[in-house]
Amino acid sequence: MNSSYLKSPYPGYPYTTYKYYPTFMYVPVYAYPEALQIIIQSVSAEKEDELFYNYLLNAAPQEQKEIVASIRDDELKHFKMLRQIYWEVTGQDIPQTAEVSFEEPKSFCEGIKKALFGELAAVERYRKALNGFEFLPYRNMITEIYTDELKHGSKWNFLYTLNCLSGQR
(Lines give C-alpha, C1' and ligand atoms only; values in the text may rest on other atoms or scores of the structure.)
Protein backbone atom coordinates (compact mmCIF):
# COMPACT_ATOMS: atom_id res chain seq x y z
CA MET A 1 0.00 0.00 0.00
CA ASN A 2 1.20 3.48 -0.82
CA SER A 3 2.43 5.33 2.31
CA SER A 4 0.96 8.66 1.08
CA TYR A 5 -2.44 6.98 1.12
CA LEU A 6 -2.06 6.33 4.84
CA LYS A 7 -1.17 9.98 5.52
CA SER A 8 -4.17 11.44 3.70
CA PRO A 9 -7.04 12.75 5.84
CA TYR A 10 -9.50 10.34 4.17
CA PRO A 11 -9.50 7.81 1.35
CA GLY A 12 -9.36 9.42 -2.08
CA TYR A 13 -8.05 12.79 -0.85
CA PRO A 14 -7.54 15.16 -2.72
CA TYR A 15 -9.08 13.57 -5.81
CA THR A 16 -12.43 12.62 -4.38
CA THR A 17 -15.42 13.08 -6.64
CA TYR A 18 -18.58 13.55 -4.62
CA LYS A 19 -21.59 11.75 -5.96
CA TYR A 20 -24.18 12.69 -3.38
CA TYR A 21 -22.76 15.05 -0.78
CA PRO A 22 -19.29 16.46 0.02
CA THR A 23 -17.63 14.90 3.05
CA PHE A 24 -14.49 16.99 3.51
CA MET A 25 -16.17 19.31 6.03
CA TYR A 26 -16.62 16.35 8.36
CA VAL A 27 -12.87 15.68 8.45
CA PRO A 28 -11.44 17.28 11.61
CA VAL A 29 -8.34 18.70 9.92
CA TYR A 30 -10.58 20.81 7.65
CA ALA A 31 -13.28 21.61 10.21
CA TYR A 32 -10.87 22.65 12.99
CA PRO A 33 -10.37 26.32 11.96
CA GLU A 34 -14.13 26.88 11.72
CA ALA A 35 -14.62 25.14 15.07
CA LEU A 36 -12.25 27.62 16.72
CA GLN A 37 -14.07 30.55 15.09
CA ILE A 38 -17.41 29.20 16.33
CA ILE A 39 -16.03 29.03 19.87
CA ILE A 40 -14.72 32.62 19.65
CA GLN A 41 -18.06 33.89 18.27
CA SER A 42 -20.06 32.04 20.89
CA VAL A 43 -18.02 33.32 23.81
CA SER A 44 -17.81 36.87 22.44
CA ALA A 45 -21.61 37.15 22.81
CA GLU A 46 -21.31 36.29 26.51
CA LYS A 47 -21.97 39.79 27.90
CA GLU A 48 -24.97 40.43 25.65
CA ASP A 49 -26.37 37.00 26.58
CA GLU A 50 -25.95 37.80 30.27
CA LEU A 51 -27.96 41.02 29.89
CA PHE A 52 -30.58 39.22 27.78
CA TYR A 53 -31.05 36.40 30.29
CA ASN A 54 -31.23 38.88 33.19
CA TYR A 55 -34.03 40.67 31.31
CA LEU A 56 -35.90 37.38 30.75
CA LEU A 57 -35.41 36.34 34.36
CA ASN A 58 -36.83 39.64 35.61
CA ALA A 59 -39.74 39.55 33.13
CA ALA A 60 -40.72 35.93 33.82
CA PRO A 61 -43.69 35.19 36.08
CA GLN A 62 -42.54 34.07 39.53
CA GLU A 63 -43.47 30.42 38.98
CA GLN A 64 -41.37 30.32 35.77
CA LYS A 65 -38.22 32.03 37.02
CA GLU A 66 -36.62 28.71 37.97
CA ILE A 67 -36.86 27.49 34.35
CA VAL A 68 -35.24 30.66 33.00
CA ALA A 69 -32.56 30.54 35.71
CA SER A 70 -31.71 26.93 34.82
CA ILE A 71 -31.22 27.93 31.17
CA ARG A 72 -29.06 30.91 32.16
CA ASP A 73 -26.94 28.74 34.45
CA ASP A 74 -26.38 26.21 31.65
CA GLU A 75 -25.29 29.02 29.35
CA LEU A 76 -22.76 30.24 31.91
CA LYS A 77 -21.43 26.67 32.16
CA HIS A 78 -21.16 26.54 28.34
CA PHE A 79 -19.04 29.69 28.25
CA LYS A 80 -16.62 28.15 30.77
CA MET A 81 -16.45 24.88 28.84
CA LEU A 82 -15.80 26.64 25.53
CA ARG A 83 -13.14 28.88 27.07
CA GLN A 84 -11.46 25.78 28.50
CA ILE A 85 -11.45 23.95 25.16
CA TYR A 86 -10.06 27.02 23.38
CA TRP A 87 -7.35 27.51 25.98
CA GLU A 88 -6.32 23.85 25.88
CA VAL A 89 -6.02 23.67 22.09
CA THR A 90 -4.47 27.10 21.45
CA GLY A 91 -2.70 27.93 24.70
CA GLN A 92 -4.42 31.33 24.64
CA ASP A 93 -7.43 32.94 26.24
CA ILE A 94 -10.21 34.15 23.98
CA PRO A 95 -9.72 37.91 23.47
CA GLN A 96 -12.10 40.15 25.38
CA THR A 97 -14.64 41.93 23.22
CA ALA A 98 -15.62 45.57 23.30
CA GLU A 99 -18.57 46.63 25.41
CA VAL A 100 -21.88 45.62 23.88
CA SER A 101 -25.14 47.50 23.67
CA PHE A 102 -28.15 45.50 24.70
CA GLU A 103 -31.54 46.17 23.16
CA GLU A 104 -34.32 45.03 25.45
CA PRO A 105 -37.05 42.97 23.73
CA LYS A 106 -40.43 44.68 23.34
CA SER A 107 -42.06 42.03 25.54
CA PHE A 108 -41.41 38.81 27.40
CA CYS A 109 -42.92 36.89 24.46
CA GLU A 110 -40.60 38.61 21.99
CA GLY A 111 -37.70 37.70 24.26
CA ILE A 112 -38.82 34.07 24.38
CA LYS A 113 -39.01 33.96 20.56
CA LYS A 114 -35.53 35.44 20.26
CA ALA A 115 -34.19 32.97 22.82
CA LEU A 116 -35.84 30.00 21.10
CA PHE A 117 -34.40 30.79 17.69
CA GLY A 118 -31.06 31.60 19.28
CA GLU A 119 -30.98 28.11 20.79
CA LEU A 120 -31.80 26.51 17.45
CA ALA A 121 -29.01 28.47 15.74
CA ALA A 122 -26.62 27.45 18.51
CA VAL A 123 -27.39 23.76 17.90
CA GLU A 124 -26.33 24.19 14.27
CA ARG A 125 -23.16 26.08 15.21
CA TYR A 126 -22.07 23.55 17.82
CA ARG A 127 -22.82 20.65 15.52
CA LYS A 128 -20.34 22.21 13.06
CA ALA A 129 -17.82 22.79 15.85
CA LEU A 130 -18.05 19.14 16.81
CA ASN A 131 -16.63 18.18 13.40
CA GLY A 132 -13.39 20.00 14.17
CA PHE A 133 -12.29 17.88 17.10
CA GLU A 134 -11.06 14.31 17.24
CA PHE A 135 -10.20 14.33 20.96
CA LEU A 136 -13.09 12.56 22.67
CA PRO A 137 -13.31 14.78 25.80
CA TYR A 138 -13.78 17.88 23.58
CA ARG A 139 -16.35 16.07 21.46
CA ASN A 140 -18.17 15.05 24.64
CA MET A 141 -18.14 18.61 25.98
CA ILE A 142 -19.51 20.03 22.74
CA THR A 143 -22.14 17.28 22.64
CA GLU A 144 -23.18 18.24 26.17
CA ILE A 145 -23.46 21.87 25.07
CA TYR A 146 -25.56 21.24 21.98
CA THR A 147 -27.86 18.77 23.76
CA ASP A 148 -28.38 21.41 26.46
CA GLU A 149 -29.31 23.83 23.67
CA LEU A 150 -31.92 21.35 22.41
CA LYS A 151 -33.26 21.03 25.95
CA HIS A 152 -33.42 24.82 26.23
CA GLY A 153 -35.41 25.00 22.99
CA SER A 154 -38.01 22.69 24.53
CA LYS A 155 -38.15 24.81 27.68
CA TRP A 156 -38.59 28.02 25.66
CA ASN A 157 -41.37 26.33 23.67
CA PHE A 158 -43.06 25.44 26.94
CA LEU A 159 -42.77 29.01 28.22
CA TYR A 160 -44.01 30.39 24.91
CA THR A 161 -47.05 28.11 25.10
CA LEU A 162 -47.80 29.20 28.67
CA ASN A 163 -47.32 32.92 28.11
CA CYS A 164 -47.82 33.82 24.49
CA LEU A 165 -50.45 31.63 22.86
CA SER A 166 -53.26 32.62 25.18
CA GLY A 167 -52.63 36.34 24.74
CA GLN A 168 -51.61 36.83 28.40
CA ARG A 169 -48.47 38.85 27.63
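Tyr 32, Phe 133, Phe 135 and Tyr 138 form one aromatic cluster. The structure is a predicted model, in which local features need pLDDT of at least 70 and side-chain atom pairs count only at pLDDT 80 or more, whereas totals for chains, interfaces and linings use all residues. Residues are numbered from 1 along each chain as its sequence is written, and side-chain values use heavy atoms, with hydrogens and water left out.

The structure holds 6 aromatic pairs; rings of Phe, Tyr and Trp (its six-membered ring) pair if their centres lie within 6.5 Å, and planes under 30 degrees apart count as stacked, over 60 as edge-to-face and the rest as tilted. One of these pairs, Phe 52 with Tyr 53, is edge-to-face, at 5.7 Å centre to centre and 65° between the planes. Phe 52 has a relative accessible area of 6% and is buried, and Tyr 53 also counts as buried at 6% (buried means under 20% relative accessible area, exposed over 50%, partly exposed in between, with a 1.4 Å probe and protein chains only). Phe 135 and Tyr 138 likewise form an edge-to-face pair, with 4.8 Å centre to centre and 70° between the planes. In that pair Phe 135 is partly exposed at 47%, while Tyr 138 is buried at 9%.

Charged groups also sit over rings (NZ of Lys or CZ of Arg within 6 Å of the ring centre and within 35 degrees of the ring normal). Lys 114 lies over the face of Phe 52, at 4.8 Å from the ring centre, and the charged end of Arg 125 is placed over the ring of Tyr 126, 5.6 Å from its centre.

The largest pocket is lined by 19 residues, with Asp 49, Tyr 53, Gly 118, Glu 119 and Arg 125 nearest its centre. Helices H2 (28–44), H3 (46–59), H4 (65–90) and H5 (108–130) each give two or more residues to this lining, and H5 gives the most, with 7 residues. On a 1 Å grid over the protein atoms alone, a pocket is an open set of points with protein on both sides within 12 Å along at least five of seven lines, a cavity is a set where a 1.4 Å probe fits but cannot get out, and lining residues have an atom within 4 Å of a point.

The structure holds 1 cavity of 30 Å³ or more. Glu 46, Asp 49, Glu 50, Tyr 53, Arg 72, Glu 75, Leu 76 and Phe 79 line the largest cavity.

Methods
Helices (H or I, at least four residues) and strands (E, at least two) are DSSP runs, numbered from the N terminus. Grid points are joined across faces, edges and corners, and a volume is the space filled by probe spheres set on the points.
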